[in-house]
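User: Hello! I am new to this structure and would like to get to know it. Could you show it to me and take a few questions?

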Amino acid sequence: MPPMSRHFANLAYTTTVRAEQRRRLGEELSPGAGDPIPRLGLREASFIAARDTAFLATVNAQGWPHVQHRGGPPGFLQVLDESTLAFADLGGNRQFVSVGNLQDNDRAALLLLDTAERRRLKILGHMRVLEAPALSAGQLPVDLPSTLLPALQPLARAPGAERVMVMQVAAFDWNCSQHITRRWSEAELRAHGLTLPAEL
């Protein structure tokens, strides 16, 4: 298994995690490989652009984690630059758990899967919740670069968009594919000349 990326290991390998590595493995794992600063490259950008599903994890004020599905057509999750992601947050079950959690703790994680090719990408970052009407009107928080506005406004104006979620990437890592079960979407099957039976 290749070593974890250095920027991800810096966050994931806490003192307690390293103690468990020593206890169970007899030694600490490598501190990671590569650039200590997370920079989304072409490999990450193309992978993200092809996804139609993501799993978003947040943590509430009591420390309980919450995982929520987010989805849309391929490209719904957009890479704005080498350290920024964004997607339109559409109206859903009206519980606002993820949105509420992010008011208490802006740390979030995204898990992206390509089951057909058995690949997955984990992303950690700080996530902002921006209201779609304000973005549509050209209002951007003063601490965000104005250069992001042209990319964020189309997301804010997407049908059904209530908010735009913006993640500042803190780390990412290509995870082990060993236990990913291969599955194909209808579009992926059609690309290979295959179709699902009509009764399905």
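Analyst: Gladly! Buried means under 20% relative accessible area, exposed over 50%, and partly exposed in between (1.4 Å probe, protein chains only). This is a predicted model, where local features need pLDDT of at least 70, side-chain atom pairs count only at pLDDT 80 or more, and totals for chains, interfaces and linings use all residues. Residues are numbered from 1 along each chain as its sequence is written, and side-chain values use heavy atoms, leaving out hydrogens and water.

User: Is Val-67 buried or exposed?

Analyst: Val-67 sits in strand 2, residues 65-71; strands (E, at least two residues) and helices (H or I, at least four) are DSSP runs numbered from the N terminus. Its relative accessibility is 56%, so Val-67 counts as exposed.

User: How far apart are the end C-alpha atoms of residues 46-137?

Analyst: UniProt, in an unreviewed entry, places the feature "domain: Pyridoxamine 5'-phosphate oxidase N-terminal" at residues 46-137. UniProt positions follow the numbering used here, feature names are shortened, and annotations may be inferred rather than shown by experiment. The span is 18% helix and 50% strand. Its end C-alpha atoms lie apart by 30 Å.
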